[in-house]
Amino acid sequence: SYNIKEVATGLRRIGMSTLFHTIVPGPKMYWQFGELGYDYSINWPSDTDNDRLTPKPPKWDYQESWQRMYLHQITAALNKLKTEQNAWETTDYMIDLEGAIKTVTLLHEEMNVIAIGNFDVVDIEVEIDFPNGGTWYNYFDDQSIEVGEDLKWNTTLEPGAYYLFTTLELENPRLGTGYHNE
């Protein structure tokens, strides 16, 4: 029942991919209108020819879609974090991209950060290893979790679910739920 080819589902998954794209240290480049879920092939107008350099049509009507604008807000909030928080400049990080559950951990003297995402299409029970115990704040909402001395967090991640936890409470970007914003 979870179909990644549905536009709404696909856009939410692009938000998850954007989190992982943004958190990995180093410079980044976005495909045009990628922050709005641009859905034209890189080879447009002809997928049989190599038309990668052919100008692509701007999709200004994407701005009328609350789901695409939500993705834009996620991208903007993550890029703001990358430019304002020193933890994104760290050289001390761990990346685990094997399997359906992926994590990226940034270790920094000011704040530790962990991104967690379920790239599968089914619920998965997970045990996530955190670099330290204590209170971890979810950047995308006002929730926090307590990580004990065993440094483990056990939960079930829905398909496409993703989190960005930090050891420092940051200002919530107030993005809403991503399912429907009035």
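**View 1. Ala 100 in the loop between strand S1 and strand S2.** Ala 100 sits in the loop that joins strand S1 (93-96) to strand S2 (101-106), where strands are DSSP runs of E with at least two residues, helices are runs of H or I with at least four, and both are numbered from the N terminus. The model is predicted, so that local features need pLDDT of at least 70 and side-chain atom pairs count only at pLDDT 80 or more, while totals for chains, interfaces and linings use all residues. Residues are numbered from 1 along each chain as its sequence is written, and side-chain values use heavy atoms, with hydrogens and water left out.

**View 2. The surroundings of Ala 100.** Ala 100 counts as partly exposed because its relative accessibility is 23%, given that buried means under 20% relative accessible area, exposed over 50%, and partly exposed in between (1.4 Å probe, protein chains only). Leaving aside residues up to four places away in sequence, Ala 100 touches Gly 117, Asn 118, Phe 119, Asp 120 and Ile 124, a contact being heavy atoms within 4.5 Å. Asp 129 is 29 residues from Ala 100 in sequence, and their C-alpha atoms are 15 Å apart in space.

View 3. The protein chain has two helices and eight strands, which follow one another along the sequence as α-α-β-β-β-β-β-β-β-β. Its C-alpha trace spans about 55 × 35 × 35 Å along the principal axes, and 40% of the 182 residues count as buried. Among contacts between residues at least 6 apart in sequence, 61% join residues at least 24 apart.
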